[in-house]
Amino acid sequence: MSSVSPSQVEVGHTLPTLCLPAVDRTMLALFAGASGDHVPLHIDTDFARRAGMPDVFAHGMLGMAWVGRLITEWAPQSALRSLSVRFVAITHLGNQPVLTGKVVELLEQEGERRARLEVQMANQYGQIKILGEALVALA
């Protein structure tokens, strides 16, 4: 993690890209166990196929956790003021998450200098899976 230096942050500043390994069954099983989210669509191939899906797929909250990781590798977790995301598409097995973000606004709010970030998660083919926004305090 690198601390954010307020003097260096400008509109247009990009966060370091976070590239993660391809989603696989082990990853989904581990996340299900850690999060307590045992929805069968994410861990049971037969169930997923009966529901009309080709196979299991990643939990939306796993993707959101990766978005949080993108941000907290750029700024301390204590600086995160808000985070919201919209799930745009399913993250299938074999998708390699690529997370990016950029500063779109600098503002003063509640006595703090803050940066509004646009963040996203795509796969290795550039297909957007998650879009989001975060507000980070600049110390």
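In the predicted model, the buried residues of α3 are covered by elements that include β1 (18–19), α1, β2 (80–87), β3, β4 and β5. The buried positions of this helix are Leu 62, Gly 63, Met 64, Trp 66, Val 67, Gly 68, Leu 70 and Ile 71. Helix α3 comprises 13 residues and spans 19 Å between its first and last C-alpha atoms, close to the 18 Å expected at 1.5 Å a residue.

The strands β1, β2, β3, β4 and β5 are arranged as an open sheet of five strands with antiparallel pairing, in the order β1-β3-β4-β5-β2. Strands β1 and β2 form the edges, each pairing on one side only. Within the sheet, nine bridges join β4 and β5 in the antiparallel sense. Glu 118 is placed opposite Glu 133 of β5. Helix α3 lies across β1, β2, β3, β4 and β5, and its direction makes an angle of about 140° with that of β2.

The largest nonpolar core contains 30 residues, of which Leu 62, Trp 66, Ile 71, Trp 74, Leu 99, Leu 117 and Val 136 touch the most other members. Two or more residues of this core come from each of α1 (25–35), α3 (60–72), β3 (98–109), β4 (112–122) and β5 (128–137). The contribution of α3 is the greatest, at five residues.

Technical notes
Residues are numbered from 1 along each chain as its sequence is written. This is a predicted model: local features need pLDDT of at least 70, side-chain atom pairs count only at pLDDT 80 or more; totals for chains, interfaces and linings use all residues. Side-chain values use heavy atoms; hydrogens and water are left out. A nonpolar core is a set of buried Ala, Val, Leu, Ile, Met, Phe, Trp, Tyr and Cys residues joined through side-chain atoms within 4.5 Å. Buried means under 20% relative accessible area, exposed over 50%, partly exposed in between (1.4 Å probe, protein chains only). Helices (H or I, at least four residues) and strands (E, at least two) are DSSP runs, numbered from the N terminus. The expected span of a helix is 1.5 Å times one less than its number of residues. Contact means heavy atoms within 4.5 Å. Two strands pair if DSSP finds at least two bridges between them. Axes are lines fitted to C-alpha atoms, for helices over the stretch in contact, and angles run from 0 to 180 degrees between N-to-C directions.
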